[in-house]
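Visitor: Could you show me how to read a structure like this one? I would like to go through it feature by feature.

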Amino acid sequence: MKKFICAIILCFCVHFNHYAQNIVKGIVIDSQTENPLVEVSIEISTIKKKTSENGAFSISNLPNGNYILNIFLRGYDKNSFPIELTGQTIDLGTILLYKNSTEELDLSTITLTDDELNDDSVNADNITGLLQYSKDVFLRTAAFEWSSSFFSIRGLDSENGKVLINGIDMNKAYNGRPQWSNWGGLNDVFRNQEFNNGFTPSAYTFGGVLGSTNITVRASEQNAGTRISYASSNRSYVHRVMATYSSSLSRNGWAYTFSASRRAGKEGFVDGTMYNANSFFASVEKKLNDKHSLNFTSITAFNRRGKSAPNTQEVFDLKGIKYNSYWGLQDGKIRNSRIKEVSEPILMLNHYWTLNDKTVINTNISYQFGKIGNTRIDYNGGRNPDPVYYQNLPSYWLDRNNIQQAYESEKRFLSDGQLNWNELYSANINSTSNGGSNAFVLYEDRNDDKLFTINTILDKEINDNITVNAKLQYSKLSSHNFANVIDLLGGDGYLDINRFANIGEDARQNNLLNPNKLAAVGDTFKYNYSIESTLINAFAQVQFKYNKIDFYVAGEVSKASHLRNGLFQNGRFSTNSLGKSPKQGFMNFGFKAGATYKITGRHLVDLNAGYIKKAPTIRTIFSNPRENNAVINGLESEKIMSVDASYIFRSSIIQAKATGYFTKIVDATNIGFFFTQGAFTEAFVQEVTTGIDKLHFGAEIGIEAQVTSAIKLKGAANIGQYTYDSNPNIYVTSEDFITDVNPLGINDLGKSFLKDYKIAAGPQKTYSFGFEYRDPNYWWFGATANYLDDIYLNVSPISRSEAFYKDVDGLPFNNYDSGIAKELLEQEQFDGYLTINIIGGKSWKVGNQKYIGLFASVGNLLNQQFKTGGFEQSRRSDYQQLVEEKNRSKRLFGPKYWYGRGTTYFLNINYRF
């Protein structure tokens, strides 16, 4: 018995010695100010600590073994130390944290093309989830190096990621995408971002395949102090001034943050793209007691900017990549006919309730209102005024073998080639003086939204290993959509009819309730309807964290309903345009799960998988909402299945991650609007494609190495393949097809043979290599070389349907040749290209707690010209016409392209105190 007791005591002593003597401690300070850093996160194994007020930390009770100690704080570079514990105290001494270089990278350094911001491109806003200071080198590279080339993470549209502010969903009900310009210009107060990549768990939302970003603008969590900055660029705007003040939490529990900015420029990199934006932010928080806190936030971002147009290769060859056909001189000043204006203020009230140290409930109420307007010229009584209208270009006359006219046309286009405002005014004055109405009018496509959202979020720590997150949200949207007269351009009134309608006098009326209306400035005309939408969704998630493995499971259910209420009775659809449509309801769900297995402290394996059934957005429910209540035939919820697996290596020198991903999308829907001339019709049509399946798979690699205390090397690559995986159904609708038995004007074209065509989602293969040098005297410099390849033109679904090879008699064209057809329908692939980007900065301390910072970047240093995207025109969509197009020396209706910018710069100087 004595021996047994002694053995137990000996084992206990050995076990106690195995744990008790292992202590890791240190002090963390700012490398520049040498002040202690408070609330720095210290992680080792499953233990998490925060530094104290003097920057110190101490961790004990760790078993012997090899570990990686990770030290990180928002805005600073992460620091890692390999540690071997053998039963003694390890004092790391004073640890310096350096300001993160991406903290200096103003969000404005991300190059956004006009097409991305205009929402006219299929790749619009494809940087969701990237405007944050991620520790992942791959995501940083995607955001700051590849974004100017329409690069999309995993080839997916931004509607597959969620953006939240203080836990409130900001994705638009119309298209599922976030409207980043709603808070543009407020970079200083939008830096606190928590990003969850892919299906990885978030405490605020179920998320999407691209993950989620929650932006915290709570006043008490802003960095205290004042920051004033000035920036200059040749990208979108030319000048920007910004000022921000944040108080710390006062003794009586108040905290304040205020920010304002102005961005302006007569034009950006592309000609005629004026920019005028003012942004204002206020956040006030009152800490009621230790358990309750209220925060009110107001965000107002007014943005008015000139658009630019995609062009055919003929136009680019004549005028270069800066050319923009939307503007012309009026009284010696640039005037753009296509202006996008966004003004949608956001008001939110947030209640934070800390029940105890393990349970937090966050309840949020938000109200967003305002308008989005897009101007353009309408021409009921005149000729298309667009300078690049096909009859204005040399190719039109070459097709008619009129060399002299082609020469004159080219000469005129080269000498001017801009919108002629004076001709529009003269035509209107002449028309109205002779008793007629305007030939031209400038109007605005407008939508005024009112969105109310309320949600509550639970964060519950069951024990040291298990955390539960849950959320319940309700949203109600009322959206008024109409056309609004902006400028009569010298005339007296504009006749509200559709002059292209050819099925009777009534059909010409845009509103039978007020026929032949002469519209004045401020009048609603053309179309007028509202959309009512409600969304209820709930999600729950459980996270488990243990020494060797972390894992989670999550689920979501949602219910969405939408209806259209027509306020005009359209003459082409007199029985299906006025009043409410049937309510369209969708009940959906999603689930996901994942795990991280820690082989050692340095080697980890991560796996995530999920399935989402997603309701159609408003954009893909109604086929032609401006004119009628028709709902898309065969409409179904979209299904998304996705899985990714990663290997992660972490050491004090190297941080690396390699990920393989696979995503399958089923039953997607797309709608296009265009004028087409084929054997089956010559009309303006709505092209509806349903049952679209897509396949996205590939690998992402990111690695960075701190080779010395001052030099860091970094590399990233994406090797993907994104293709259509089905032959979807396609039909077109037009008033020209309306008959007694076909009141909606539907022409079913059968299948569109898209399977195995590449999805136009930007570069599918990208490679990047760069370095960064950080000098102890607080200046730094970096350069990155990027090669982007496998970029494809967006193909026309109608040209891949039966309408391509059938003549008016429904039989194949007599001269149809399958070999030639295959060549005509081959998808265009753009050339790969190399870009070099450089960045640098310096900071100075000027007195006690006052700093000056300078940052500069140059994009596309070698001034490479490259195509970032484009689409096939569907005007000539059948075999006979495409053969004719191919045989022309210059195509009349060739593809339209977007080009990337040439060499650009961004310069920012700031003063912090």
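Guide: We will look at confidence, then a helix, then some strands.

Guide: This is a predicted model, in which local features need pLDDT of at least 70 and side-chain atom pairs count only at pLDDT 80 or more, while totals for chains, interfaces and linings use all residues. Residues are numbered from 1 along each chain as its sequence is written, and side-chain values use heavy atoms, with hydrogens and water left out.

Visitor: What is the mean pLDDT of the protein chain?

Guide: pLDDT is the predictor's confidence in each residue, from 0 to 100. Here the chain has a mean of 90, and 93% of its residues reach 70 or more. Helices (H or I, at least four residues) and strands (E, at least two) are DSSP runs, numbered from the N terminus.

Visitor: Where does pLDDT stay under 50?

Guide: One such stretch is residues 111–133, for which the model has 88 contacts beyond four places in sequence. Residues 7–20 also stay under 50, with six contacts of that kind. Contact means heavy atoms within 4.5 Å.

Visitor: Which residues of α7 are buried?

Guide: An α-helix has 3.6 residues a turn, so residues three or four places apart point the same way. Buried means under 20% relative accessible area, exposed over 50%, and partly exposed in between (1.4 Å probe, protein chains only). In α7, the buried residues are A406, S409 and F413. They lie on the same side of α7, because they cover an arc of only 65° around the axis, taken from the directions from the helix axis to the C-beta atoms. The buried residues of α7 pack against α5 (313–319) and α6 (394–398). Turned away from that side are the exposed I403, Q404, Y407 and S415.

Visitor: What comes with the strands β3, β2, β5 and β6?

Guide: They form an open sheet in the order β3-β2-β5-β6, with antiparallel pairing. β3 (47–50) and β6 (79–85) are at the edges with a single partner strand each, so one side of each has no neighbour in the sheet. Two strands pair if DSSP finds at least two bridges between them. β2 (residues 41–44) and β5 (residues 65–72) have three bridges, and S41 stands opposite F72 in β5.

Visitor: Is strand β44 enclosed or left open, and why?

Guide: Four of the five residues of β44 (residues 867–871) are buried, so the rest of the structure largely encloses this strand. β44 pairs with β45 (residues 896–899) in the antiparallel sense over four bridges; the partner of G869 there is W898.
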